[in-house]
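Here is a colleague's note to read beside the coordinates. The points run from the whole chain to single residues.

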Amino acid sequence: MRHDGHDAGDRSPAEYGVLIIEDDFRIAEIHRAFIEQSEGFRVVGMARSAAEARALLARDAERIQLVLLDAYLPDVEGLEILWMLRRDHLHMDVVMVTAAREVDTISEALRGGVFDYLIKPTEASRMAQMLARFRRERTALAAQGEMSQEELDRALARLRPEARPAADSRSLPKGIDRLTLEAVVAAIETAGAALSAMQVARHIGASRSTARRYLEFLVSVQVASAELGYGDVGRPERRYRLTGDAGPWRGEGGA
């Protein structure tokens, strides 16, 4: 656990305290360095487990406005820390910064009211975008005691999905989720080669059966093809490569 030693009263109105909850110290240090270079933010503490996070929060909660939270911690299951923060520290915003791509985890985080969800490895530009939006919204909310409907609509704009052209967006069958489908397609695109269901499962953080279901769907709509290959133990296995345009199935309609 890391503590920076400043007193509670020395935070200026334009400076926001950040708590990093991340068990990989290398990633935590990268996040700390980036935040400390960002105007209006400073790191109040760093915790590598839920126990460390609770101890730090018990002492410094009033100095923390933003929490960067990893979904995978060694001493808790799932998003227990997120729900604790939502229950006990309503003045804090939570941003998930995690490798978790499973739709169930993402859905639970959204239900828990996260400010943003960043998938590792996180690009610096995406982190900067999140911090700028956080500072902008906090400043807007603190500037006045009441808000008009127009002002409230602007503040809540981030909660409304951007309009997408729907002309070529196709309906997905039951059991196929668009977010997971995008992750499967991205895994094959990134690899640049044919992948087995197990390899795709590792990329997206899901089970082999889930990955295979999505891959077979892509084959059925002629976005991917399957070919016979051989695994590590010499047994034949199906490998998948992209052969068509996945855009319409990912909701990427034409302009």
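1. Strands here are DSSP runs of E with at least two residues, numbered from the N terminus. By that rule, M46 lies in strand β3. The model is a predicted one. M46 counts as buried because its relative accessibility is 9%, and buried means under 20%. M46 and D23 are 23 residues apart in sequence. Their C-alpha atoms are 9.4 Å apart in space.

2. Now the whole chain. The secondary structure comes to nine helices and nine strands. The protein chain has 255 residues, and 42% of them are buried. Take the contacts between residues at least 6 apart in sequence: 63% of these join residues at least 24 apart. The chain exposes about 14000 Å². Carbon and sulfur atoms supply 50% of that area.

3. Between the two strands the chain passes through helix α1 (residues 25–36). This β-α-β crossover is right-handed.

4. A second unit deserves a look. Strands β5 (residues 93–98) and β6 (residues 116–119) also pair in the parallel sense, here over four bridges. M96 stands opposite Y117 in β6. With helix α4 (residues 103–111), β5 and β6 make a right-handed β-α-β unit.

5. Helix α2 (residues 50–60) has five names on its buried list: A50, A53, L56, L57 and D60. These residues cover an arc of only 125° around the axis, which puts them on the same side of α2.

6. Does the length of helix α5 agree or disagree with its residue count? Helix α5 (residues 124–142) has 19 residues, and at 1.5 Å a residue it should span 27 Å. The end C-alpha atoms are 27 Å apart, which agrees.

7. Which residues of α5 are buried? They are M127, M130, L131, R133, F134, E137 and R138. Seen down the axis of α5, the buried residues fall within an arc of 160°, so they line one face of the helix. S125 and R136 are exposed, on the other side of α5.

8. Check the backbone at P121. A cis peptide bond joins K120 and P121. Omega is about -10°. P121 is found in the loop between β6 and α5. In general, most peptide bonds are trans.

9. Phi of Q222 is near 65°, a positive value in a residue other than glycine. Most residues other than glycine have a negative phi. Where does Q222 lie? Q222 is in the loop between α9 (208–220) and β8 (224–230). Q222 counts as exposed because its relative accessibility is 66%, and exposed means over 50%.

Methods
Residues are numbered from 1 along each chain as its sequence is written. This is a predicted model: local features need pLDDT of at least 70, side-chain atom pairs count only at pLDDT 80 or more; totals for chains, interfaces and linings use all residues. Side-chain values use heavy atoms; hydrogens and water are left out. Buried means under 20% relative accessible area, exposed over 50%, partly exposed in between (1.4 Å probe, protein chains only). Contact means heavy atoms within 4.5 Å. Accessible areas come from the Shrake-Rupley method with a 1.4 Å probe; for residues, only the protein chains shown count as cover. The expected span of a helix is 1.5 Å times one less than its number of residues. The arc is that of the directions from the helix axis to the C-beta atoms. A crossover is right-handed if, with the strands pointing away from the viewer, the path from the first strand over the helix to the second runs clockwise. Two strands pair if DSSP finds at least two bridges between them.
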